[in-house]
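The exercises below ask you to work through helix packing and sheet architecture in a single model, each with a worked solution that goes step by step.

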Amino acid sequence: MKAIAITQAAQNGSNLDFLTDIELPTPKAEGHDVLVEVKAISVNPVDTKVRAGFNADKPRVLGWDATGVVIAVGDKVTLFKPGDEVWYAGALTRPGSNSEFQLVDERIAARKPASLDFASAAALPLTAITAWEMLFDRLGVRENGNEGDVLLIVGAAGGVGSILTQLARKLTRLTVIGTASRPQSQQWVSELGAHHVIDHSKPLTEELTRIGIKQVSHVASLNNTEQHYQQLINALQPQGKLALIDDPQSLDVVPLKVKSLSLHWEFMFTRSMFETADIAEQHRLLTRVATLIDDGIIKTTLGEHFGAINAQNLRKAHQLLETQRAVGKIVLEGFSAH
């Protein structure tokens with residue numbers, strides 16, 4: 001089967017040029033695994049981080065977002081049958097979705113939204129899982145609840161921010177504030193349903209004051225947490241909650257004490273990595289998100305379509321993501337004929 005893999009570690013600078021088209025054997029489905037013929041993928045910051053940190057003897061297939069068609073199932077599979085159209089984010093510890101065929105545990109996959117084509121659906125699984133877990137599991141927000149509370153989403157125009165903004169606006173009673181620094185991204189966040197959009201290139205507390213918000217109850221920090229950290233502490237009300245997904249080099253939690261602020265990490269690969277007892281929650285939440293999409297409540301966050309799934313187009317996608325200027329998600333679709 002065709003695949004795209006990172007084949008060498010960085011020597012001086014980036015190893016972007018070592019994203020390479022290769023051939024691999026087609027895997028076989030066993031146990032809880034389904035074998036999926038991959039139709040479309042999207043690219044996430046985790047792809048660029050794993051690529052940049054690659055230092056191994058054999059090529060590694062990246063990619064943690066896909067839609068496709070089940071073509072075979074393992075002997076323990078009960079949720080799917082061949083022919084089912086599915087979407088999923090996969091597991092960090094297994095070969096990724098940048099390949100013609102991929103094995104994925106049925107418990108972290110779901111039927112894709114019927115109303116979306118493969119490319120539009122591929123934009124959503126990883127970010128939908130991350131956003132859902134962050135909002136409801138980590139920050140403890142309640143569906144149809146939290147009236148009077150205020151959620152600040154830092155980096156609301158990116159992949160996770162784009163779906164988190166929608167979930168918070170459509171499923172809760174939170175006041176939703178998104179940050180974005182450019183007119184294009186600010187308009188995007190506004191169209192996704194944020195009550196207010198502020199500029200994170202300016203001091204956040206000043207921007208909140210500008211829109212008449214004194215303090216917020218919840219913060220979802222999706223990028224540059226180190227840069228904004230003290231501002232976020234200042235903006236949070238006593239007993240507020242701060243959740244993050246990025247990778248600060250260090251984070252001093254002591255300043256959180258005086259306000260009794262709680263800190264929450266979200267990492268959507270935790271359940272699959274440790275095969276937690278509730279691993280099937282990801283199947284359930286993806287099923288729920290698919291229903292929300294088919295009911296017209298949530299929309300795809302596809303930003304740009306980069307064409308076929310090959311090394312050249314993936315390199316372009318990685319490059320754009322690393323600028324941190326992508327709006328929505330970058331999607332690739334289909335493998336060229338042999």
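**Exercise 1.** Determine at what angle the axes of helix α3 and helix α9 cross, and which residues make the contact.

*Solution.* The axes of α3 (residues 125-138) and α9 (residues 281-294) come within 10 Å and cross at roughly 105 degrees, where axes are lines fitted to C-alpha atoms, for helices over the stretch in contact, and angles run from 0 to 180 degrees between N-to-C directions. Because 65 to 115 degrees counts as roughly perpendicular, α3 is roughly perpendicular to α9. On the α3 side the contact (heavy atoms within 4.5 Å) is made by P125, A128, I129, W132 and E133, and on the α9 side by Q282, L285, L286, R288, V289 and L292. These residues divide into eight nonpolar, one polar and two charged, with Ala, Val, Leu, Ile, Met, Phe, Trp, Tyr, Cys and Pro counted as nonpolar, Asp, Glu, Lys and Arg as charged, and the others, Gly among them, as polar.

As for provenance, this is a predicted model, in which local features need pLDDT of at least 70 and side-chain atom pairs count only at pLDDT 80 or more, while totals for chains, interfaces and linings use all residues. Residues are numbered from 1 along each chain as its sequence is written, and side-chain values use heavy atoms, with hydrogens and water left out.

**Exercise 2.** Work out the strand order of the open sheet, and name its edge strands.

*Solution.* The six strands follow the order β11-β10-β9-β12-β13-β14 with parallel pairing, and two strands pair if DSSP finds at least two bridges between them. At the edges lie β11 (196-198) and β14 (262-265), each of which pairs on one side only. Within the sheet, four bridges join β9 (residues 150-154) to β10 (residues 175-179), and L152 stands opposite I177 in β10. Helix α7 (residues 225-235) packs on this sheet, touching β9, β12 (216-221) and β13 (236-244), and its direction makes about 155 degrees with that of β13.

Technical notes
Helices (H or I, at least four residues) and strands (E, at least two) are DSSP runs, numbered from the N terminus. Angles under 35 degrees count as roughly parallel, over 145 as roughly antiparallel, 65 to 115 as roughly perpendicular and the rest as oblique.
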